[in-house]
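Dear colleague,

I am handing over to you the structure shown below, together with an account of what was found in it. Please read the account with the structure open beside it.

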Amino acid sequence: GFSDKFCTDGKFRDDLRNSMREDIFDSTPAYENLPEKARKILLLPDSSLQGSWTCRDETLRMKKLTEVLKHHLGEQSPTGDEFMEAIGSLCGSEPSYHWIDIVGVMNRRIPHSWHQDTGRSRGGDTKTVLLGFPKEDNYSGVGVFSHAVKLKYEKVSSKEHALDDPVVYSGLKIDDEYIVRPQFEQGKEIVMFRDVD
């Protein structure tokens, strides 16, 4: 099935990720007037990219992703739009529709701040959903997903805080015993959590 193919076939993972990035880029209004040189830079595999995952139009949005799924999984595979909506449906009843492909920075120290993505969980069930892309086949371990801290009490941002801005805790030190490092392995390709927990 999908899990086995995803975890054992690096070419499939690369094609899946690259096609998602291209389809999102090509259908995001903020990117439509950028020159081709900017497009190439933003679509480099080591560049982070963001947009929206929603695919509710009548016409197929995720065309390249559809081709990749059919090529690797066969004609019975979902369309790219169905794939994105299936993962997106895990976000809960009032999702933000925000999609981001975050790329870790290798061989360079960058400043770190603990943060909440939004500090909200609209509808009480809205979650952040992460689909992990390991660098190697048959990977089992940490480092694919962002590290997190499980809060003792729900922490909701103030009503004045902009809805989709992160809540940053600069300089906050967390003892290692409280840091959660999600494990990636076959059958655990997705991590979900409420941003307020």
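The notes that follow take up a helix pair, the nonpolar core, the salt bridges and some individual residues.

Please keep in mind throughout that this is a predicted model.

The helix pair α4 and α5

Helix α4 covers residues 63–73 and helix α5 covers residues 80–88. Their axes come within 7 Å and cross at roughly 95°. An angle from 65 to 115 degrees counts as roughly perpendicular, and α4 and α5 are therefore roughly perpendicular to each other. On the side of α4, the residues that meet α5 are Leu 65, Thr 66 and Leu 69. On the side of α5, Gly 80, Asp 81, Phe 83 and Met 84 take part. Sorted by class, the contact of α4 with α5 is made up of four nonpolar, two polar and one charged residues.

Helix α5 is also mostly covered, with seven of its nine residues buried. The buried residues are Gly 80, Asp 81, Phe 83, Met 84, Glu 85, Ile 87 and Gly 88. They pack against α1, α2, α4, β2 and β4.

The nonpolar core

The largest nonpolar core has 25 residues. Within it, the residues with the most contacts are Leu 16, Met 20, Met 62, Leu 65, Phe 83, Met 84 and Trp 99. Two or more residues are given to this core by each of α1 (2–8), α2 (10–26), α4 and α5. The element that gives the most is α2, with five residues.

What does Leu 65 touch once its neighbours within four places in sequence are left aside? Leu 65 is then in contact with Leu 16, Ser 19, Met 20, Asp 23, Gly 80, Phe 83 and Met 84.

Salt bridges

The count for the model comes to 12 salt bridges. Three of them are described here.

The side chains of Lys 5 and Asp 9 form a salt bridge, with 2.8 Å from N to O. Are these two residues buried or partly exposed? Asp 9 has a relative accessible area of 18%, and because the cut-off for a buried residue is under 20%, Asp 9 is buried. Lys 5, at 24% relative accessibility, counts as partly exposed.

A second salt bridge joins the side chains of Arg 17 and Asp 101, at 2.9 Å from N to O. This pair links distant parts of the chain, since Arg 17 lies in helix α2 and Asp 101 in strand β2 (residues 98–101), 84 residues apart. Both Arg 17 and Asp 101 are buried.

Lys 64 counts as partly exposed, at 31% relative accessibility. Asp 26 is partly exposed as well, with a relative accessible area of 38%. Through salt bridges that share partners, Glu 22, Asp 26, Arg 39 and Lys 64 are joined into one network.

Backbone angles and individual residues

Most residues other than glycine have a negative phi. Against that background, which phi value does Tyr 97 have? Phi of Tyr 97 is near 70°, a positive value in a residue other than glycine. Tyr 97 is found in the loop between α5 and β2 and counts as partly exposed, at 25% relative accessibility.

Asn 138 likewise has a positive phi, of about 55°, although it is not a glycine. Asn 138 is found in the loop between β4 (128–131) and β5 (148–149). At 58% relative accessibility, Asn 138 counts as exposed, because the cut-off for an exposed residue is over 50%.

Lastly, Ile 41 lies in helix α3 (residues 36–42). Ile 41 is partly exposed, with a relative accessible area of 47%. Between Ile 41 and Val 149 there are 33 Å in space, C-alpha to C-alpha, and the two are 108 residues apart in sequence.

With kind regards

Definitions and conventions:
Residues numbered from 1 in each chain as written. Predicted model: local features only at pLDDT ≥ 70, side-chain atom pairs only at ≥ 80, totals over all residues. Heavy atoms only, no water. Axes fitted to C-alpha atoms, helices over the stretch in contact; angles between N-to-C directions. Helix = DSSP H or I, 4+ residues; strand = E, 2+ residues; numbered from the N terminus. Parallel < 35°, antiparallel > 145°, perpendicular 65-115°, else oblique. Contact = heavy atoms within 4.5 Å. Nonpolar A, V, L, I, M, F, W, Y, C, P; charged D, E, K, R; others polar. Core = buried A, V, L, I, M, F, W, Y, C linked by side-chain atoms within 4.5 Å. Buried < 20%, exposed > 50% of the residue type's maximum accessible area, 1.4 Å probe, protein only. Salt bridge = Lys/Arg side-chain N within 4 Å of Asp/Glu carboxyl O.
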